[in-house]
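Please look at the sequence and the model together. The paragraphs that follow lead through the arrangement of the chain step by step.

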Amino acid sequence: MCKKGWPFEWVNHCYLCIKNGEAVNHLLIHCELVWSIWCFFLKEWSVVWVTPPDLITLIRSWPTRAISPRRQLVLKVLPAAVLWCLWDERNKKAFDNVSRNEKAIIDSVKLTIAYWLHNRGVFYGISLEQLAISWKEVLFEPP
Ligand SMILES: [Zn+2]
């Protein structure tokens, strides 16, 4: 992009916070907006965690055990969904100049997980919409 005449500071910046350089660990973990999204899910799942130094550590240390099969399945795919949605958000901002707020990104993570998992056996009888919209009730307050 520098070769195309773009100023260096515009080529090497985080599209989410428009501050730091766009390194993998910043974009997917340490960016202020990104970490607040991780913290939302960590808090929701009552996971006490320190900020991992890099993506490999995040994936290796991500908890995978939960008290119910539904929660365990969602917890297992949660990092992939967060990373997928963050990358999608970055690209929307970089290429389409479209950005969403933290809540909208969190909702897209929930919708992505609902789309991936709604027809799995543990969610039998629960629609994609129910899982995405009533996320908390489906996962944390099962009948
Ligand atoms: Zn950033």
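Predicted model: local features only at pLDDT ≥ 70, side-chain atom pairs only at ≥ 80, totals over all residues.

Helices H5 and H6 pack against each other with their axes 9 Å apart and at an angle of about 125°. The two helices are therefore oblique to each other, and their crossing is right-handed. From H5, the contact draws on Leu 73, Val 74, Val 77, Leu 78, Ala 81, Val 82, Trp 84, Cys 85 and Glu 89. From H6, it draws on Ile 105, Ser 108, Val 109, Thr 112, Ile 113, Trp 116 and Leu 117. Sorted by class, the residues of this contact are 13 nonpolar, two polar and one charged. The spacing of such positions along a helix may be read with a general rule in mind. An α-helix has 3.6 residues a turn, so residues three or four places apart point the same way.

The protein chain has eight helices and zero strands, and its pattern along the sequence is α-α-α-α-α-α-α-α. Along its principal axes, the C-alpha trace spans about 60 × 30 × 20 Å. The chain has 143 residues, of which 18% count as buried. Among contacts with a separation of 6 or more, 46% are between residues 24 or more positions apart.

Is Lys 110 buried or exposed, with 20 other C-beta atoms within 10 Å? A residue is buried if 20 or more other C-beta atoms lie within 10 Å of its own, so Lys 110 counts as buried. Leaving out residues up to four places away in sequence, Lys 110 touches Ala 132 and Trp 135. The C-alpha atoms of Lys 110 and Ala 132 are separated by 5.6 Å, although the two residues are 22 residues apart along the chain.

Helix H3 also meets H6. The axes of H3 (residues 32-44) and H6 (residues 102-117) come within 10 Å and cross at roughly 50°. H3 and H6 are therefore oblique to each other, and H3 passes H6 in a right-handed crossing. On the H3 side, Leu 33, Ser 36, Ile 37 and Phe 40 take part, and they meet Glu 102, Ile 105 and Ile 106 of H6. By class, this contact has five nonpolar, one polar and one charged residues.

The next pairing is that of H3 with H5. Their axes come within 11 Å and cross at roughly 155°. Angles over 145 degrees count as roughly antiparallel, and H3 and H5 are therefore roughly antiparallel to each other. H3 passes H5 in a right-handed crossing. In this contact, Val 34, Ile 37, Trp 38 and Phe 41 of H3 meet Leu 78, Val 82 and Leu 86 of H5. The residues of the contact divide into seven nonpolar, no polar and no charged. Ile 37 takes part in the contact of H3 with H6 and also in the contact of H3 with H5.

The loops complete the picture. Tyr 15 lies in the loop between helix H1 (8-11) and helix H2 (24-30). With 17 other C-beta atoms within 10 Å, Tyr 15 is partly exposed. Apart from its neighbours within four places in sequence, Tyr 15 is in contact with Arg 90, Lys 93 and Ala 94. The C-alpha atoms of Tyr 15 and Cys 31, 16 residues apart along the chain, are separated by 10.0 Å.

Two further loop residues concern the backbone angle phi. Ser 46 is found in the loop between H3 and helix H4 (55-61), and it has a positive phi of about 55° although it is not a glycine. Ser 46 has 9 C-beta neighbours inside 10 Å and therefore counts as exposed. Asn 97 is placed in the loop between H5 and H6. Phi of Asn 97 is near 55°, a positive value in a residue other than glycine. With 8 other C-beta atoms within 10 Å, Asn 97 is exposed.

Notes. Residues numbered from 1 in each chain as written. Axes fitted to C-alpha atoms, helices over the stretch in contact; angles between N-to-C directions. Helix = DSSP H or I, 4+ residues; strand = E, 2+ residues; numbered from the N terminus. Parallel < 35°, antiparallel > 145°, perpendicular 65-115°, else oblique. Left-handed = near helix turned anticlockwise from the far one by under 90°. Contact = placed C-beta atoms within 7 Å. Nonpolar A, V, L, I, M, F, W, Y, C, P; charged D, E, K, R; others polar. Buried ≥ 20, exposed ≤ 12 C-beta atoms within 10 Å, placed from the backbone.
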